[in-house]
Amino acid sequence: MKKILPFLERLYGPNLEKIDPQTERYERIDRNFVHSFGDRPRCYASAPGRTELGGNHTDHNHGRVLAAAIDLDMAAVAAANGTMTVTVHSEGYESPFVVDLEKLSVQENERETTQSLIRGIAARLEATGYAIGGFDACMASDVLPGSGLSSSAAVEVLFGTIFNALFNDGRIGPEEIARAGQYSENVYFGKPCGLMDQMASAVGGVVAIDFRNPKVPEIQKLAFDFNAHGFDILIVDTGGNHLDLTDDYASIPTEMKLVAGFFGSETLRDVDVECFIGEIPALRKKFGDRAVLRSLHFFDENNRVAKQVEALSKNDMRGFVQLARESGDSSIKWLQNVYSTKDASSQGMPLALAMTEKFLVGRNNGACRVHGGGFAGAILVILPAADTVDYAQYIEKVFGPGSARLLALRPHGAEYFEPIPGV
């Protein structure tokens, strides 16, 4: 691994406690590649998961978001194979993912599969003028599935990065890779997600994104270190997963866009909030109360992100934490994405939020909020570092050992190391 050690140190830092496990991880993936595909020049790629700091369900209506790449990622070893077939071995799966790139149209029998993501990314890249081709790959992930850390976006960005490394000499920018991932998830996978997750993974760092013009989003990287201000960021895995929640996710942008359509607009970003307030009686009759509440959430949350960015820019940690707390309240009460109505008896996220709020009573500062898409999975907790150990012990009594995980933010997005002989 000496040849790619600078690559690993750039992504994971020089600290031996972090770099040694990553070195062992890449060695393992590399051995898997040689075992499956033989010893030949290959590239090494990584795409991080992301944490959402603000802007819960605003991106799909052209709103603002605040996100950050994290140190949990998807990693792969890949090499072109001279065909139009992609074969990917992924740790934890018995059978490889195989995709024939001669067929780039949507395959209905592939909906909600990894194969659909690979095919969709290839289709988008080719349609936008980039080269594609078959490759062999082995990959592994430490992005917890169903945790709201966006494992799906990370894997999309990872495949886009592999196409970039093997066939395009790195010419594809991170924004285009992100858009290819979103296109694939929307059209081929069948989930109507926004662009925040893919963009945060591709760009890296703490990033504020304004999607008013989604074709050319405004991206602002923020040089902010939570640890330097004495705070930690954690996620708590409540034990749920996102596998059967596509309909729940889809209902949010659908309802928001129905309300926008009432005003002749495609998204709520183009609707005047005062006009919206004045039409609430008519909107209730036409679309129901939940659509109205979710739209109220959008307007406030979109403005809240701008305030969060301002707070971080001024190093106002206390103000930021208060805004994060307000964001969490809005997601619970107005957006209503903390549990699925398909199974109202399973409310792990509300329970984790309630327990965290009880922990925070009488303490110096801190916030908790829904993390990511919601309905199941993880919550986000922002705490003074002095409280982190006590909190982890407290919450793990309810959700089990290891359910509270400390996140480290990653300054770099998706990257690859040039194709080289085996390391």
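**Terms and the values behind them**

Analyst: Asn 365 is buried, with a relative accessible area of 8%. The model is a predicted one, in which local features need pLDDT of at least 70 and side-chain atom pairs count only at pLDDT 80 or more, while totals for chains, interfaces and linings use all residues. Residues are numbered from 1 along each chain as its sequence is written, and side-chain values use heavy atoms, with hydrogens and water left out.

User: Why is Asn 365 called buried?

Analyst: Buried means under 20% relative accessible area, exposed means over 50%, and partly exposed lies in between, for a 1.4 Å probe and protein chains only. Asn 365 has 8%, so the residue counts as buried.

User: Where does Asn 365 lie, and with which residues is Asn 365 in contact?

Analyst: Asn 365 belongs to the loop between H12 and strand E9 (367-370); helices (H or I, at least four residues) and strands (E, at least two) are DSSP runs numbered from the N terminus. Leaving aside neighbours within four places in sequence, Asn 365 is in contact (heavy atoms within 4.5 Å) with Phe 231, Arg 318, Val 321, Arg 325, Leu 360 and Pro 384. Asn 365 and Asp 270 are 95 residues apart in sequence, and their C-alpha atoms are 36 Å apart in space.

User: What makes Gln 308 buried, and what is in contact with Gln 308?

Analyst: The relative accessibility of Gln 308 is 0%, and therefore Gln 308 counts as buried. Gln 308 lies in helix H10 (residues 289-313). Apart from neighbours within four places in sequence, its contacts are Leu 53, Gly 54, Leu 66, Phe 320, Leu 323 and Ala 324.

User: How do you know that Thr 87 and Ala 378 are buried?

Analyst: Thr 87 has a relative accessible area of 15%, so Thr 87 is buried. Ala 378 has 0% relative accessibility and so counts as buried. Thr 87 is found in strand E3 (residues 85-90), and Ala 378 in strand E10 (residues 378-384). Beyond four places in sequence, Thr 87 is in contact with Phe 37, Pro 96, Phe 97, Val 98, Phe 135, Asp 136 and Ala 137.

User: What makes a set of residues a nonpolar core, and which residues have the most contacts inside the largest one?

Analyst: A nonpolar core is a set of buried Ala, Val, Leu, Ile, Met, Phe, Trp, Tyr and Cys residues joined through side-chain atoms within 4.5 Å. The largest such core has 49 residues, and Val 88, Phe 135, Phe 159 and Ile 162 have the most contacts inside it. Helix H4 (residues 151-167) gives the largest share of this core, nine residues. Another core, of 27 residues, lies apart from it and includes Ala 208, Ala 311, Leu 312 and Ile 382. In soluble globular proteins, nonpolar side chains tend to be buried together.

User: What makes the phi of Asp 169 and of Gln 336 worth noting?

Analyst: Most residues other than glycine have a negative phi. Asp 169 has a positive phi of about 50° although it is not a glycine, and Gln 336 has a positive phi of about 60°, again without being a glycine. Asp 169 lies in the loop between H4 and H5, and Gln 336 in the loop between helix H11 (317-335) and helix H12 (348-360).

User: Why is Asp 169 called exposed, and why is Gln 336 called partly exposed?

Analyst: Asp 169 has a relative accessible area of 69%, so the residue is exposed. Gln 336 has 32% relative accessibility and therefore counts as partly exposed.
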